[in-house]
Amino acid sequence: MEFRDVIRHRRMVRNYTDEPVDPAAVDRILETARRAPSAGHSQGQAFVVVTDAAIRQHIAELADEPAYVANGFDPWISRAPVHIVVCVSKHLYLERYSEPDKGGGPMGVESAWPVPYWWVDAGAALMLLLLAAVDEGLAAGFLGSHNMPDLKRVLSIPEHMDPIGIVTVGHAAPDRRSGSLGRGRRPLDEVVHRDRWRVHPE
Ligand SMILES: Cc1cc2nc3c(=O)[nH]c(=O)nc-3n(C[C@H](O)[C@H](O)[C@H](O)COP(=O)(O)O)c2cc1C
């Protein structure tokens, strides 16, 4: 698919058919995400792929699927045949930036980071997962959970890794669109500032 078509087609899909997803497609999606940029090439991102129905159900509960359903959405989380839990390790960044070519120490503590790049890199990997899913003719969504400690426990995610959320992957089914979309997308001249920050309209 042309890149611009992938971008145009991408949206958070919140319902899936029961058609299974080809494991080879999932592998290609993950291979794309592996190519995500990372500060200092720290590569602190990791992915837990879940296809087991009972574990997906458990994840859906931890992500409060009943609240979505109560709000008129489909049970899209448990229904998605594939979950990819995106994780990142701050500690790998602190270790990497303690190496000699990265100054050998000052950036080895979290408080020294003007921007915590581990979150940035997790977002970059997330975006690649979403786009790669579209490129495979699949649909994807993303959601958080307010119960990360239990999510970590259920998936045996090690202490130093933090899940940032769950990517749902599957074949798109008709879904209820998010109420947030009523906000519309901000026009380009409102989000872009040229040469210096300008308040629009001037
Ligand atoms: C960091 C992040 C967190 C999000 N969390 C949720 C979530 O918990 N539940 C959900 O249904 N959608 C979630 N979304 C999806 C947004 O609502 C969605 O991206 C936004 O409304 C724009 O719609 P679109 O992605 O379909 O273009 C999240 C998106 C991002 C980037």
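**Figure 1. Glu65 in helix α4 of the predicted model****.** Glu65 belongs to helix α4, which covers residues 65-70. Is Glu65 buried or exposed? Glu65 is buried, because 20 other C-beta atoms lie within 10 Å and a residue counts as buried at 20 or more. With neighbours within four places in sequence left aside, the contacts of Glu65 are Ala60, Pro75, Ile77 and Ser78. One of these, Ile77, is twelve residues away from Glu65 in sequence. In space, the C-alpha atoms of Glu65 and Ile77 are 6.7 Å apart.

**Figure 2. Packing of helix α3 against helix α8****.** Helix α3 consists of residues 53-62, and helix α8 of residues 148-155. Their axes are 10 Å apart and form an angle of about 170 degrees. The two helices are therefore roughly antiparallel, since angles over 145 degrees are placed in that class. Which residues make the contact? Helix α3 contributes Ile55, His58, Ile59 and Leu62, while α8 contributes Asp150, Leu151 and Val154. Sorted by class, five of the contact residues are nonpolar, one is polar and one is charged.

**Figure 3. Surroundings of the ligand****.** The residues around the ligand are Arg11, Met12, Phe142, Leu143, Gly144, Ser178, Ser180 and Leu181. This shell comprises four nonpolar residues, three polar ones and one that is charged.

**Figure 4. The largest nonpolar core****.** This core contains 43 residues. Val86, Leu129, Leu130, Ala133, Ala140, Val167 and Val169 have the most contacts inside it. Elements giving two or more residues to the core include α2 (23-34), β2 (82-88), β3 (139-143) and β4 (162-170). Which element gives the most? That element is α7, with twelve residues in the core; α7 spans residues 117-135.

**Figure 5. Leu129 and its contacts****.** Leu129 is among the residues with the most contacts inside the largest nonpolar core. Apart from neighbours within four places in sequence, Leu129 touches Ile29, Ala33, Ile84, Ala140 and Val167 by the contact criterion. Two of these partners, Ala140 and Val167, are also listed with Leu129 among the residues with the most contacts in that core.

Figure 6. Read from the N terminus, the order is α-α-β-α-α-α-β-α-α-β-α-β-α. Of the 202 residues, 31% are buried. Along the principal axes, the C-alpha atoms fill a box of roughly 50 × 50 × 35 Å.

Definitions and conventions:
Residues numbered from 1 in each chain as written. Predicted model: local features only at pLDDT ≥ 70, side-chain atom pairs only at ≥ 80, totals over all residues. Axes fitted to C-alpha atoms, helices over the stretch in contact; angles between N-to-C directions. Helix = DSSP H or I, 4+ residues; strand = E, 2+ residues; numbered from the N terminus. Parallel < 35°, antiparallel > 145°, perpendicular 65-115°, else oblique. Contact = placed C-beta atoms within 7 Å. Nonpolar A, V, L, I, M, F, W, Y, C, P; charged D, E, K, R; others polar. Near = placed C-beta within 6 Å. Core = buried A, V, L, I, M, F, W, Y, C linked by C-beta atoms within 7 Å. Buried ≥ 20, exposed ≤ 12 C-beta atoms within 10 Å, placed from the backbone.
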